[in-house]
Amino acid sequence: MLKEFKEHITTHLSFLSKGRLLIACSGGLDSVVLTRLSALLNLEIGVAHCNFKLRGSESDEDKKFVTELAGQIHAPFFSTDFDTEQYAKDHRLSIQMAARELRYSWFDKIAQEYQYDYILTAHHADDNLETFLINLSRGTGIEGLTGIPEINDTYIRPLLPFSRDQILKFAQEKNMLWREDSSNSSTKYLRNKLRHNVIPELKSVNPQFLQNFQTTLEHLKQSREFIQSQVLRLRSELYEHGEGEIIKIPIRELYEYGNPKICLYYLLKDHYDFTAWDDIAQIITAQPGKQIFSRSYRLVKDRDYLLLSPISEKISDRTYTIPEEENMIMTPSGMLKLQFVQEMSDVDLKTVYADKEKLKYPLTVRKWREGDYFYPLGMKGKKKLSKYFKDEKLSLLAKERIWLLCSGEEILWIINYRADNRFKITPQTKQILKITIT
């Protein structure tokens, strides 16, 4: 196995030969073999061991064993003790998840502090099969069926191509010693049930089962890579950029690709953390205004588009006051500039004119509220803002960004949209106030 391991490192993981490597070693068969193989190849390694304090004196003996192993190969040794049960209780985690969080956090800390380039773990082909079956039993997409990644940022798993039987045979041939974890024989956990009850049956049905599984896994990985390349193409063809950081996905064009739900799922999954298939599938045909959330993004159904935007802190609902003597103020909509002019000139969405004598000071800037109404400039009668927004076909995201400039309780201007008829300039106007936003 040493020859095959060396060839695998040379062919697929050559960067390990030039790096400083921290090996996660529990003292069990797999991590001991990984440690011994790395030492035989003269890789620059350090050994890290976690004592989770879950098996009493047995855990302490594991630590002692790994300490001696590191000494035998003249490798730097790092160890730590965890109160895993208390951590699990404090963070409401299972023991397994607590141990996982604790060890990976500590490995990262040691690697950074002592300048190790990569962290090696001893996952092998049988671990990959177990993970595949666990994900399959829980329901998963293709990502969950592609197994454990051999390279995951700084974490490297160089034993993935090798079976448990190969590892055991090599250890026995070399008369290696290792520690047996008594908890591994228990079928309390799903992984152990698969390891002891299910996988042996599968291998008995077909002795080539593990090899065939690895071939299938490679095909699945290639399929995933193809999907990822198609997703990149879809993004370049579909995405339209709206106001600010909003991405607009045209629904009609999404349907032209034949399967809009699966297309949308892959568009949103990796970059934007959307993983709930049912939510993603349903929003395409939902009523306008429907929205779903990931940890960092929001997707809103508009009439003809799906609007994707980062979740930011809620804009303050505070009211901004503009005294009569003030001529400039910063608001969430931008900088408001007020100046008296002799006549009207440019009129656009960012500029309004008001009759000074009709204003009640101080002016205010506030968010719009349900029930607000105004008298649209150039029209007769009043209109609810909600109706105006509907007529203008404003999306939910656009409406959330609406701010009003008010005189007393009356709306003077829907900033960036429409002025109010009650404050318009007439032949009787004596002072013209020009208001612009930048």
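User: Is Arg164 buried, partly exposed or exposed, and how is that decided?

Analyst: Relative accessible area is the guide: a residue is buried under 20%, exposed over 50%, and partly exposed in between. In this predicted model, Arg164 has a relative accessible area of 22% and is therefore partly exposed.

User: With which residue does Arg164 form a salt bridge, and how far apart are the closest N and O atoms?

Analyst: A salt bridge requires a side-chain nitrogen of Lys or Arg within 4 Å of a carboxyl oxygen of Asp or Glu. For Arg164 the partner is Asp127, and their closest N and O atoms lie 3.8 Å apart. Arg164 belongs to helix 7 and Asp127 to helix 6, so the pair ties together parts that are 37 residues apart in sequence. Asp127 counts as buried, at 9% relative accessibility.

User: Which residue meets Glu130 in a salt bridge?

Analyst: The side chain of Glu130 meets that of Arg191, at 3.1 Å from N to O. Glu130 lies in helix 6 and Arg191 in helix 8, so this pair ties together parts that are 61 residues apart in sequence. Glu130 is buried, with a relative accessible area of 1%, whereas Arg191 is partly exposed at 28%.

User: Which residues are linked in a network of salt bridges?

Analyst: The network links Asp126, Asp127, Glu130, Arg164, Arg191, Arg195 and Lys203.

User: How many salt bridges does the structure hold?

Analyst: The structure holds 23 salt bridges. One of them joins Arg20 to Glu44, with the closest N and O atoms 2.9 Å apart. Arg20 lies in strand 1 and Glu44 in strand 2, so the pair ties together parts that are 24 residues apart in sequence.

Notes. Residues are numbered from 1 along each chain as its sequence is written. This is a predicted model: local features need pLDDT of at least 70, side-chain atom pairs count only at pLDDT 80 or more; totals for chains, interfaces and linings use all residues. Side-chain values use heavy atoms; hydrogens and water are left out. Helices (H or I, at least four residues) and strands (E, at least two) are DSSP runs, numbered from the N terminus. Buried means under 20% relative accessible area, exposed over 50%, partly exposed in between (1.4 Å probe, protein chains only).
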